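This briefing concerns the chain shown below. The points that follow are grouped by topic.

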Amino acid sequence: MAGFDIDRVAHLARLDLTDEERATFGAQLETIVAYVDRIAGLDVEGLAPTLHGHNVNNIFREDAPVEGLETEVVLANAPARIDNEIRMPRVVE
């Protein structure tokens, strides 16, 4: 495989590959590298850089404050509560 060593790539990715996986992934990686080389050879002189292939316009609504829900309405669906707060399970030991 020209240009890279599949064992080194697997080591860097912390992968233990079987011989079959080494052959499969090596061929796939070879295809990807060849495609990137093909793209790198394109003449893009004079093209403006873009983020998308199509014109993308964000459509935002006006950020206006609205009335929130009443505390009792919000807490009505809470499985557990402490005073006027929703009790959540501990996520950090």
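A residue is called buried under 20% relative accessible area, exposed over 50%, and partly exposed in between. Arginine 22, at 24% relative accessibility, is therefore classed as partly exposed. The model is a predicted one, and every accessibility class given below rests on the cut-offs just stated.

**Overall architecture**

- The chain contains three helices and two strands, and their order along the sequence is α-α-α-β-β.
- The radius of gyration of the chain is 27 Å, whereas a compact globule of 93 residues would have a value near 12 Å.
- Taken along the principal axes, the box filled by the C-alpha atoms is roughly 65 × 45 × 20 Å.
- Glutamate 30 and glutamate 85 lie 55 residues apart along the chain, and their C-alpha atoms are separated by 56 Å.
- Glutamate 30 belongs to helix H2; its relative accessibility is 28%, so it counts as partly exposed.

**Burial, surface and contacts**

- Buried residues make up 8% of the 93 residues of the chain.
- The accessible surface of the chain amounts to about 9400 Å², and carbon and sulfur atoms account for 54% of that surface.
- When contacts between residues at least 6 apart in sequence are considered, 23% of them join residues at least 24 apart.

- Three salt bridges are found in a search of the whole structure.
- In one of them, the side chain of aspartate 7 meets that of arginine 22, with an N to O distance of 2.6 Å.
- This pair links distant parts of the chain, since aspartate 7 is in helix H1 (residues 6-12) and arginine 22 is in helix H2, 15 residues apart.
- Arginine 22 also forms a salt bridge with aspartate 19, at 2.7 Å from N to O.
- Arginine 22 and aspartate 19 are three residues apart in helix H2, which means that about one helical turn separates them.

**Salt bridge between arginine 81 and glutamate 72**

- Another salt bridge joins arginine 81 to glutamate 72, and the closest N and O atoms of this pair are 3.2 Å apart.
- Arginine 81 has a relative accessible area of 39%, so it is partly exposed.
- Glutamate 72 is likewise classed as partly exposed because its relative accessibility is 48%.

**Nonpolar surface patch**

- Tyr35, Ile39, Leu42, Val44 and Leu47 make a nonpolar surface patch of about 540 Å².
- Is valine 44 buried or exposed? Its relative accessibility of 52% is over the 50% cut-off, so valine 44 counts as exposed.

**Residues with positive phi**

- Most residues other than glycine have a negative phi.
- Arginine 14 is not a glycine, yet its phi is positive, at about 60°.
- Arginine 14 is placed in the loop between H1 and H2, and its relative accessibility of 66% means that it counts as exposed.
- Aspartate 83, also a residue other than glycine, has a positive phi near 55°.
- Where does aspartate 83 lie? Aspartate 83 is found in the loop between strand E1 (81-82) and strand E2 (85-86).
- With a relative accessible area of 67%, aspartate 83 is exposed.

Methods
Residues are numbered from 1 along each chain as its sequence is written. This is a predicted model: local features need pLDDT of at least 70, side-chain atom pairs count only at pLDDT 80 or more; totals for chains, interfaces and linings use all residues. Side-chain values use heavy atoms; hydrogens and water are left out. Patches are made of residues with over 30% relative accessible area and no salt bridge: like charges are joined within 9 Å, nonpolar side chains (Val, Leu, Ile, Met, Phe, Trp, Tyr) within 5 Å. Accessible areas come from the Shrake-Rupley method with a 1.4 Å probe; for residues, only the protein chains shown count as cover. A salt bridge is a side-chain nitrogen of Lys or Arg within 4 Å of a carboxyl oxygen of Asp or Glu. Buried means under 20% relative accessible area, exposed over 50%, partly exposed in between (1.4 Å probe, protein chains only). Helices (H or I, at least four residues) and strands (E, at least two) are DSSP runs, numbered from the N terminus. The radius of gyration is taken over C-alpha atoms; the globule rule is 2.2 Å times the number of residues to the power 0.38. Contact means heavy atoms within 4.5 Å.
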